[in-house]
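Here is a short briefing for a first look at this structure. Keep the sequence and the 3D view open as you read.

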Amino acid sequence: MRIFIFTILLFAGLVPPILAQDISGAYLAENNGTKHLLLITDGYITHSTYSNDTYMSTQGGTYSLGDKQLIVQCEFDDKAADNIGKSHTFSLEIANNALILDGTTFQKQAKKAQGLDGLWRITGRKTNDNMQTIQRGDRKTIKILIDGYFQWIAINPAEKGFYGSGGGHYEFSNGKYQENILFFSRDNSRVGASLNFDGKIENEQWHHSGKSSKGDPIYEIWSRDNKK
């Protein structure tokens, strides 16, 4: 019903055009050698900065659109914990396949839809051959994937806790999942590494298995964490 009403208002010209935009995707800006990566999907946004093989920062949370505005409810910020839990408003323009936020142009990367695109949250992990359910609580590990980019973040918004993040490019095809690391908050030496896993969607859950960046065997279950 809400979507139906929204559609009527849109065609009646009563909804600002920017509110009807789907800004999902991966966006990139570069300034003096520092890359700024935005990942946006399922009502969630992350902003990470890195330079060559050096991780710099990351922040993000849920978002909504206003009239020429992007409003972010911050869930994590590894450089400014005081921002967590607060709403932050940025001026927004959408033009020429780009987002312009507070005057900075983020160019949209090529669309590359894959079956894992979306926002996920880890809900299970195998330990000593026993699958353990990870109960939903304040502490969580989420992973955002869109158009060939990924990022995982381990956080506790209630305690303003940040425990690590990493991201880069990903491929998912024929039961195989590969990550190519562009940044990693815990260990810059991992940048450039490629990690290969088995992956499948079963009962709307993502089963992820292989070896971690440290070479340890893993088997994880991730569930969609739609923030829309």
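Ile144 is found in strand 11, which covers residues 140-146. The model is predicted.

**Ile144**
- Ile144 has a relative accessibility of 0%. Buried means under 20%, so Ile144 counts as buried.
- Leu119 sits 25 residues away from Ile144 along the chain, yet their C-alpha atoms are separated by 4.6 Å.
- Leaving aside neighbours within four places in sequence, Ile144 is in contact with Leu39, Ile40, Thr41, Tyr44 and Thr46, among others.

**The largest pocket**
- The largest pocket has a volume of about 760 Å³.
- It is lined by 29 residues, and the closest to its centre are Trp152, Arg186, Ser212, Ser213 and Glu220.
- Which strand gives the largest share of the lining? Strand 14 does, with 4 residues.
- Strands that each supply at least two lining residues include strand 9 (118-127), strand 11, strand 12 (149-156) and strand 13 (161-173).
- Strand 14 (176-184), strand 15 (194-202) and strand 17 (217-224) also each supply at least two.
- By type, the lining divides into 12 nonpolar, 6 polar and 11 charged residues.

**Ser223**
- Ser223 has its place in strand 17, one of the strands that supply at least two residues of the pocket lining.
- Is Ser223 buried or exposed? Its relative accessible area is 12%, so it is buried, the cut-off being under 20%.
- The side chains of Ser223 and Thr123 are joined by a polar contact of 2.9 Å.
- A polar contact of 3.4 Å links the side chain of Ser223 to the side chain of Gln205.
- Leaving aside neighbours within four places in sequence, Ser223 is in contact with Leu119, Trp120, Arg121, Thr123, Arg136 and Gln205.

**Two loop residues with positive phi**
- Asn128 lies in the loop between strand 9 and strand 10 (130-133).
- Asn128 is not a glycine, but it has a positive phi of about 50°.
- Its relative accessibility is 69%, and exposed means over 50%, so Asn128 counts as exposed.
- Glu204 has its place in the loop between strand 15 and strand 16 (205-211).
- Glu204 is not a glycine either, and its phi is positive at about 65°.
- Glu204 is exposed because its relative accessible area is 67%, with the cut-off at over 50%.

Key: Residues numbered from 1 in each chain as written. Predicted model: local features only at pLDDT ≥ 70, side-chain atom pairs only at ≥ 80, totals over all residues. Heavy atoms only, no water. Buried < 20%, exposed > 50% of the residue type's maximum accessible area, 1.4 Å probe, protein only. Contact = heavy atoms within 4.5 Å. 1 Å grid on protein atoms, 1.4 Å probe; cavity = no way out; pocket = protein on both sides within 12 Å on 5 of 7 lines; lining within 4 Å. Points joined across faces, edges and corners; volume = space filled by probe spheres on them. Nonpolar A, V, L, I, M, F, W, Y, C, P; charged D, E, K, R; others polar. Polar contact = N/O pair within 3.5 Å; in protein donor to acceptor, adjacent residues only side chain to side chain.
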